[in-house]
Amino acid sequence: MNFFERQRAARGTTVRLVVLFTLAVLTIVAAFDLVVLYISRNNPTSSIVGALIAATVFTLLLISGGTLTKMIALRAGGAAVARSVGAVPIDPTTSDPGLRRFVNIVEEMSIASGVPVPRLFVLEQEEGINAFAAGYTPADAAITVTAGALRRLNRDELQGVIGHEFSHVLNGDMRLNVRLIGLLNGILLLGLVGLRVLAFSGGGRDRKGGGNPIALIALALLVFGFIGQFFAGLIKAAVSRQREWLADASSVQFTRQTTGLAGALKKIAGLPTGSALQDTASEKEVSHMLFGEGTKSFSQFWATHPPLIERIAALEPGFDAAQAAQLEQAYRADPPDGLAEDAALGLAAAPGPRVAQRTVRLDPVQLSNRVGTFSSDDLERAREISDAIPAEFRQLAGQPSTAVPLVLALLLDPDERVRGQQLQLVATRMSRPEAAAADSYRGTVAQLPPIQRLPIASLAVPVVVARPPGRLDDLVATLEAMAAADGTISLFEYCLTRLVAGYVRDSLDPAHRSRPGRVNVEHARDASLTLLSVVAAAGNSDPGAAEHAFAAAVQHLLPRLAVGYAPPNDCAAALDAGWNALDALDPKVKQQLIEALVVAVRDDGEVTVAEAELLRVTCGLLHCPVPTLLA
C-alpha cells in the first residue's frame, strides 16, 4: 500500500471512528434517559416526556461542548498537544549532547522525507521510554520524547523510535489521532461533571429523607463517565493497534535495520520504568499516540498497542518472555546509558563529506511510490546534506531573532540596485533591523551551494511559523515582493517563496488544509495543464523539446485529450491560481499527476537541480512529500 492508497484508506478509518463515536454517544444518551425515566416515573406523562427531552439535549450538549472545546484548543496543531501534556520545547541550536542527537536525527529524517522539521519537545520528568508525534500536517507536526528515551537509548535505537514516529507524520495518522482526542474528550467530560455536581449536591438524599434527584443524576453522570472511558478504550484500540504494526515496519524500512527499533523495545521490556508515563492524566489523553503503552492495560482487548513481546519477536524471531526476564536482571545490575553506548559502538555522529551536486534519473511509478516514505539511502544522503550545512547557518536557522532574516537573505539579488529595492521592501513591510540583518548575511549566503539553500530554509521553518499570524502574512507578502523586484521570478525564487508560504498556510489552518481531496481531474484540468506546461518549459530552453515533454506528460495524465502546448506568459501567477484546485484532487488522481510531472521533467534524459527543486516543492504544495531527489 503506497501513500495515496493509505490516504484513501484513512477515509474509511475516519468513517469507522465517527460510527463508533456515534454509537457510544447514543448508548450513553439512552442509558441516561433510562435513569431520568426512573427518577420521574411517578410524574405525569407530559412531565416525563419533557424530562427525557431535556436529558437528551443536556447530554448531547455536554458531549458536543466538550468535544468542540478540545478541538478548538488543539487546532493550533502538534505543539498544542505537546504542551497540553506538559512537554517542554527544545531549542534546535542546543549543545546538550542528548538533545543535540535528537535534533540531528529529526533533521536528517526531515531532509530525507521532504517535510519541514517538526517542532521538538521533551517530557523532562518521565523516565519511561516513550515518544509520540502530533499535529494535522507535517508543517504543524511536533515530536515529543521522554527524558528516559534520550537517556537510555543509543543513536540507532533512538533513530528507530523517531522513524516509527515519522511514519505517523508521513501516513497522516496524526490528524486522526488529534481528532480522536477531541471526540473522546466530550465523552470523558461526563464523569468530570458528575463528580463535581455530586461533590456539591449534599449527598444522595434530600432534607426530607427522600432521594435527591440532582445527586442521583450526578451519580449517573459519574457512572457514565466510567462507561465513557470503557468506550474510549475500545475506540482507541480499534484505530490504533494496526497502525502501530505499520509504523514499526516503516521504521525498519527507513533505517534498513531492525536492531535499533528492536533494541528500544527490549529496553522497554527490561527496564522497570518500561514505557510507562507517571502523569496518568496525560497518558489517558495521548495513550493511542505513544510509541509504547503508557500504562498497563486491563486487557489486551483495550490495549492501544500490540503486545511488546510480539513486537520484538516480529523484528527478532525467537525472542520470548524468558529473554525479557534476562534483560530485566541485566539492566537491574547495569542500567543502560545511551550516550555511553554511542561512544562504545562508534555511533556518535561524525561530520560527513560534502555532497557532490549532480543530476538524477527518475521513473514516474518509482517516484510516486516514494511519496510519503524514504529509504536508508535517502536518509544517508540527507545526513550528508545536513552534515555539510555550516554550523553558522544551523545556528541562524534555529534562533527566532535570526531565522527570518536568514530566509530573507536567501532571496537577495546580486545586483546592487535590485538588492537595494529588496531591502527597502523588508524595512517598510517588516522592520529595519530585519532588513539590516538580512543584508549582513548576504555575503555568506551567496557562497552556499544551491543544494543547501532549500534545506536551510526548511530548518528555519519551525522557528519562522512560530511568529504571530499577522507577522507571518507580512513575511509571505514580503518574500513574494522581493522575488518580483527585478521583474522576473526565477525557479529558485518561486520554489523558496511557495515553500515558505505553503508551510505558513498549513501552520495557520492545519485542520482544514490536512483533509484529503476528493475531486477528479476534470475539475482541475486547466490547472493541471498549466502546471505541466510550466514544468516542461522550465526544463527545456528549446521550445520544441518543451512541447515534446508537455505532450508526453499530458498523454500520461489525460490520454484521450488533444491539447496544444501554450505555456502562460506569467508562470508564477498562473501556477498560484491553480494550487487550491490541484490540492483538492483525489489521492489517486494526485498520484497520476505526479507521475505526469516526472514524465515532463525526465523527457530530455536528465534532471537538473532546479527541476528537482521545482518537482519536490510542487509535491510538497500538493501535500505529497517526496525524498530528496539530488544525489
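Two strands pair if DSSP finds at least two bridges between them. Helices here are DSSP runs of H or I with at least four residues, strands are runs of E with at least two, and both are numbered from the N terminus.

Some housekeeping. This is a predicted model, in which local features need pLDDT of at least 70 and side-chain atom pairs count only at pLDDT 80 or more, while totals for chains, interfaces and linings use all residues. Residues are numbered from 1 along each chain as its sequence is written, and side-chain values use heavy atoms, with hydrogens and water left out.

First, the whole protein. The secondary structure comes to 28 helices and four strands. The radius of gyration is 27 Å, close to the 25 Å that the globule rule gives for 631 residues, so the protein is as compact as a globular protein of that length. That radius is taken over C-alpha atoms, and the globule rule is 2.2 Å times the number of residues to the power 0.38. Along the principal axes, the C-alpha atoms fill a box of roughly 95 × 65 × 55 Å.

How much of the protein is buried? Of the 631 residues, 54% are. Buried means under 20% relative accessible area, exposed means over 50%, and partly exposed is in between, with a 1.4 Å probe and protein chains only. The protein exposes about 26,600 Å², and carbon and sulfur atoms supply 57% of that. Those areas come from the Shrake-Rupley method with a 1.4 Å probe; for residues, only the protein chains shown count as cover.

Next, contacts, meaning heavy atoms within 4.5 Å. Among contacts with a separation of 6 or more, residues 24 or more positions apart account for 77%.

On charge, the protein has 56 positive and 62 negative charges, and their mean positions are 7 Å apart. Lys and Arg count as positive and Asp and Glu as negative; His and the chain ends are not counted. The place of a charge is taken as NZ of Lys, CZ of Arg, CG of Asp or CD of Glu.

Now the sheet. In what order do the four strands of the open sheet come? The order is β1-β2-β4-β3, with mixed pairing. The edge strands are β1 and β3, the latter at 131-134, and each pairs on one side only.

Let us go across it. Strand β1, residues 88-89, runs antiparallel to β2 and is joined to it by two bridges. V88 has V122 in β2 as its bridge partner. Strand β2 covers residues 119-123, and four of its five residues are buried. Five bridges then pair β2 with β4, residues 142-146, in the parallel sense. There, F121 has T144 in β4 as its bridge partner. Finally, β3 and β4 are antiparallel, with four bridges, and A134 stands opposite A142 in β4.

Most residues other than glycine have a negative phi, and most peptide bonds are trans. R256 is not a glycine, yet its phi is positive, about 55°. Where does R256 lie? It is in the loop between α8 (213-255) and α9 (259-270). R256 counts as exposed, because its relative accessibility is 56%. H623 also has a positive phi, near 60°, and lies in the segment after α28 (609-621). H623 counts as buried, because its relative accessibility is 16%.

R311 is in α11, residues 308-315. Is R311 buried or exposed? R311 is buried, with a relative accessible area of 2%. Leaving aside neighbours within four places in sequence, its contacts include E244, D248, H164 and W245.

K267 sits in helix α9 and is buried as well, with a relative accessible area of 1%. Not counting residues up to four places away in sequence, K267 touches several residues, among them R152, E157, Y331 and E341. K267 and G128 are 139 residues apart in sequence, and 9.8 Å apart in space from C-alpha to C-alpha.

Q329 belongs to helix α12, residues 321-333. Q329 counts as exposed, because its relative accessibility is 54%. From C-alpha to C-alpha, Q329 and G270 are 7.7 Å apart in space, and they are 59 residues apart in sequence.

That is the end of my part.
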